[in-house]
Amino acid sequence: MEHIATLDPSKIGRANEITQVTIGAGAVSLEEFVAVSRYGAKLVLSQEYLERVTRSRALVEKFLAENRAIYGLTTGFGDNVRKVIPQEEAVQLQLNILRSHAASVGKPLSAECVRANWLMQLLSLGRGYSGIRPEMLSLIADCLNEGVVPYAPAEGSIQSLSVEANINLVLIGEGRAWYEGELLSGREALERAGLKPLMPACKEGLCLTNGINGATGIALIALYDSLVGAQTADVAAAMAYESLRGTIMGCDARLHSLKYHSEQSGSAENIRNLLADSGIMAKYKNAKVQDPYILRSIPQVHGAAKRFLRDAAISLLREMASCNDNPIVWPEDGDGEGLMGGNFDGTYTGAYADTICIADANLGKFSERRMDRLTNRHFNGGYPPFLAEKPGVNNCYMIAQYTSAGLVSEIRSLCIPATGDSIPVSANWEDPIPMAWWAAMKAAQVAEKLEYLLAIELMAQARAFDLTDTSAHGTFAKATMNVHDLIRTKIPPVTEDRHFGPEIETVYQMVKHGDILKTAEKESGTLKF
């Protein structure tokens with residue numbers, strides 16, 4: 001099990017600090033996965049990796065020479081499993097699956113999601129149980145390192161097959177791909193990158209269009225963004241405690257010791273640590289009996305969301321380390337055996353992608369409610385309406401709060417579980433379908449919307465900090481003030497209405513790339529998860 005990664009809170013938000021990732025015997029971490037997929041870290045296939053792939057390939061060649069009855073080698077696909085394929089048509093069979101399966105539609109998949117698909121295929125097919133050639137996997141690694149990005153329509157897939165086929169057409173010189181910002185034919189994109197296409201050998205077309213790798217790759221991106229979002233939500237919550245002058249007693253360790261959830265206790269501890277030197281917290285500790293729900297229950301709700309994400313991480317990191325192929329080339333029984341089964345099933349990935357949506361929805365709805373309280377003159381403790389310099393003439397963050405409300409509503413719609421659905425395909429040969437592709441796509445959308453919600457809240461919190469009379473209310477904590485100061489390096493103080501949209505985008509980038517989190521942790525230390 002040493003090849004299965006575990007969740008490490010000290011690495012959350014730090015994928016952009018990794019410049020090279022080696023696939024070998026050990027585990028690839030979630031942060032390394034994102035470093036390659038999003039940030040273009042260089043990928044190295046170790047000698048051990050290439051040797052185990054080579055051994056597996058030798059078995060496939062042996063099976064083909066013996067004309068064994070093995071799915072996808074000597075038979076057709078899906079309901080066509082009943083058709084025996086002559087040896088002389090083995091390569092054509094693999095070409096045909098790539099071409100015929102490339103039937104997804106709509107807007108293309110983002111570059112980072114395409115790269116995540118390829119990286120997941122390298123991890124899964126490189127476990128040494130698939131029989132793909134090392135040359136084909138090396139070509140994928142070279143494409144990742146050289147910045148070749150296939151054009152893959154992203155809609156209409158029930159697993160990942162049709163999107164994977166569009167991506168992998170480029171490896172045989174077909175389809176289309178971007179290279180250095182230009183959309184080219186697959187062959188030309190490879191040539192511009194100094195690479196040559198490969199014709200698929202026996203089983204390789206099936207390997208490249210089989211499994212749940214594409215959906216798992218996207219779910220891992222969503223998981224990473226959600227982990228960053230969950231920790232950043234604790235930072236935003238700490239700022240809300242100060243701006244709304246709450247009582248830190250809602251985060252008292254004794255209170256949370258009676259709920260047996262470490263994530264809840266961890267969130268409460270995070271807020272206490274972030275606010276340890278806050279003069280405002282000291283002044284208002286016993287100023288009221290209790291805060292409204294939106295402050296008082298932050299540890300409980302953030303903690304529950306983190307538990308959902310922790311469970312998702314356990315499952316998705318195991319999927320990342322698995323061989324999700326069919327058939328499996330098993331090398332250890334006599335002269336080897338082809339095992340036909342269902343390791344490509346996407347229920348684990350789909351169910352936990354749906355879980356990510358629910359976790360993020362809970363974090364997002366609390367962020368929106370904090371934003372509303374901060375801008376609502378009836379509840380914000382004396383700040384001007386919408387935090388405006390001249391209310392009436394200026395609207396300030398009135399409509400930014402509308403945006404938060406809209407994002408929360410969109411997230412709610414995306415929380416409908418995809419994995420509860422099923423549409424039989426392939427003449428009912430593929431009869432239950434986990435719908436993991438849509439679950440993963442939804443999770444990626446929801447994670448992004450959460451990051452926007454937090455960006456809007458943080459922007460408003462920075463404005464509230466500017467408006468706070470520290471001589472009357474006390475000083476801010478160093479950790480939260482440093483976050484304020486970071487935002488102010490890119491977003492000037494508000495003196496009148498201006499175009500706030502680009503400023504939301506700026507703070508969103510700070511959230512997404514871990515800048516907010518890392519700035520807070522310089523004072524508080526690594527936040528608990």
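A crossing of two helices is called left-handed if the near helix is turned anticlockwise from the far one by less than a right angle, and right-handed if clockwise. By that rule, H9 and H11 cross in the right-handed sense. The structure looked at here is a predicted model, in which local features need pLDDT of at least 70, side-chain atom pairs count only at pLDDT 80 or more, and totals for chains, interfaces and linings use all residues. Residues are numbered from 1 along each chain as its sequence is written, and side-chain values use heavy atoms, with hydrogens and water left out. Helices (H or I, at least four residues) and strands (E, at least two) are DSSP runs, numbered from the N terminus.

Back to that helix pair. H9 (213-243) packs on H11 (residues 262-274) at an angle of about 55 degrees, and the two axes are 9 Å apart. Axes here are lines fitted to C-alpha atoms, for helices over the stretch in contact, and angles run from 0 to 180 degrees between N-to-C directions. The angle makes H9 oblique to H11; under 35 degrees counts as roughly parallel, over 145 as roughly antiparallel, 65 to 115 as roughly perpendicular and the rest as oblique. On the H9 side, the contact (heavy atoms within 4.5 Å) is made by Gln231, Asp234, Val235, Ala237, Ala238 and Tyr241, and on the H11 side by Ser267, Asn270, Ile271 and Leu274. Sorted by class, that is six nonpolar, three polar and one charged residues. For these classes, Ala, Val, Leu, Ile, Met, Phe, Trp, Tyr, Cys and Pro count as nonpolar, Asp, Glu, Lys and Arg as charged, and the others, Gly among them, as polar.

A second pair is H3 (residues 90-101) and H6 (residues 161-169), whose axes come within 7 Å and cross at roughly 115 degrees. H3 and H6 are therefore roughly perpendicular, and their crossing is left-handed. H3 brings Leu98, Arg99 and His101 to the contact, while H6 brings Leu161, Ser162, Ala165, Asn168 and Leu169. Here the tally is four nonpolar, three polar and one charged residues.

Buried residues (under 20% relative accessible area, with exposed over 50% and partly exposed in between; 1.4 Å probe, protein chains only) in H20 are Glu503, Ile504, Val507, Tyr508, Met510, Val511 and Lys512. They pack against H9, H17 (436-467), H19 (478-490) and H21 (515-524). Just after H20, Gly514 has a positive phi of about 80 degrees.

Val446, in H17, is buried at 0% relative accessibility; beyond neighbours within four places in sequence, Val446 touches Cys357, Asp360, Ile411 and Leu414.

Most residues other than glycine have a negative phi, and most peptide bonds are trans. Lys203, between H7 and H8, has a positive phi near 80 degrees and is buried at 0%. Leu387, between H15 and H16, has a positive phi of about 65 degrees and is likewise buried at 0%. Asn326 and Pro327 are joined by a cis peptide bond, with omega about 0 degrees; Pro327 lies in the loop between H14 and strand E8.
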